[in-house]
Amino acid sequence: MSGTPIVFIPGLMCTGRIYQHQIEHLGQAHPILLANHWSALTMKEVAAQILSAAPERFALVGTSMGGYAALEIIRQAPERVSSLILMSTSAKADTPERSKGRREQVAAAKKPNSMRETIKGLWPKIVHPARHEDHPLLNVFFDMAEHLGVSAFERQIEAIISREDSRPLLATIKVPTLVVVGKDDALIPPDEGREIAAGIAGARLEEVEHAGHMCMTEKPDTVTNLLAEFLS
């Protein structure tokens, strides 16, 4: 296998299943590592853990929370990243209001059998309106959340809250960068991705039609083709 190793970092309460299509195709040419993004309490620690398990040099793919971690990895070890793909993410820090809302979500999720209700409440913001009744896809997100559990959810939320404002970092990023947004992302608006692409010299921006926050699962062929072309 001669391709550059790829490190994939999923989003909040997601496992590698969100990248299933991309991994099946890109894994034919590239060694793949799925990052642990659920067992540390700060974004700095999440990034350090990923770096400790990653190859010496690698392409880096981060979605949503995974994008926050990817930017922190660039902050800590830019020389180890050969190329960067950021999907459905933001470079901004959390606001106090957003942090408060996140902790309220954790408190609600700690009630018995509430993790599914937490995911169900987020669902309209996670996917394009055409997918709101896509129960097989919703069940995948239920399964991922229940696999990780509420303790991981709480740690991930604290890590998300702890992240730095990465906008000043963008101008220092020198590796080839692809930014992918779902045009109908209701959780992290596409303007956040456009801001990232505008801040990184030479970055390429791709907007996926008829897709929301989880464009890699909603439009898997489109996203896989974008990644394959970029990494080639």
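A salt bridge here is a side-chain nitrogen of Lys or Arg within 4 Å of a carboxyl oxygen of Asp or Glu. With that in hand, here are some close-ups of this predicted model.

**Figure 1. Arg75 and Glu72 pair up through their side chains in a salt bridge.** The N to O distance is 2.6 Å, which puts the pair inside the 4 Å limit. Both residues sit in helix α3, three residues apart, so about one helical turn separates them. Arg75, at 23%, counts as partly exposed.

**Figure 2. Zooming out from that pair, Lys44, Glu72, Arg75 and Glu164 make up a network of salt bridges.**

**Figure 3. One cavity of 30 Å³ or more turns up in the whole structure.** The largest cavity holds about 50 Å³ of space. Its lining includes Glu72, Arg75 and Glu164, which you'll remember from the salt-bridge network. Also in the lining are Met43, Tyr68, Leu71, Ser90, Ala91, Lys92, Arg163 and Ser166. Which helix gives the largest share of the lining? That's helix α3 (residues 65-76), with four residues. Sorted by type, the lining has five charged residues, four nonpolar and two polar.

**Figure 4. Lys92, one of the residues lining the largest cavity, reaches Glu192 in a salt bridge.** Here the N to O distance is 3.2 Å. This pair ties together distant parts of the chain, 100 residues apart. Lys92 is in the loop between β4 (81-87) and α4 (96-109), while Glu192 belongs to helix α8 (residues 190-199). Is Glu192 buried or exposed? Its relative accessible area is 14%, so Glu192 is buried. Lys92 counts as partly exposed, at 28% relative accessibility.

**Figure 5. Arg116 and Glu146 form a salt bridge between two helices.** Their closest N and O atoms are 2.8 Å apart. Arg116 comes from helix α5 (residues 115-126) and Glu146 from helix α6 (residues 135-162), so to speak two distant parts of the chain, 30 residues apart. How exposed are the two partners? Arg116 has 34% relative accessibility and counts as partly exposed. Glu146, with a relative accessible area of 42%, is partly exposed too.

Methods. Residues numbered from 1 in each chain as written. Predicted model: local features only at pLDDT ≥ 70, side-chain atom pairs only at ≥ 80, totals over all residues. Heavy atoms only, no water. 1 Å grid on protein atoms, 1.4 Å probe; cavity = no way out; pocket = protein on both sides within 12 Å on 5 of 7 lines; lining within 4 Å. Points joined across faces, edges and corners; volume = space filled by probe spheres on them. Nonpolar A, V, L, I, M, F, W, Y, C, P; charged D, E, K, R; others polar. Buried < 20%, exposed > 50% of the residue type's maximum accessible area, 1.4 Å probe, protein only.
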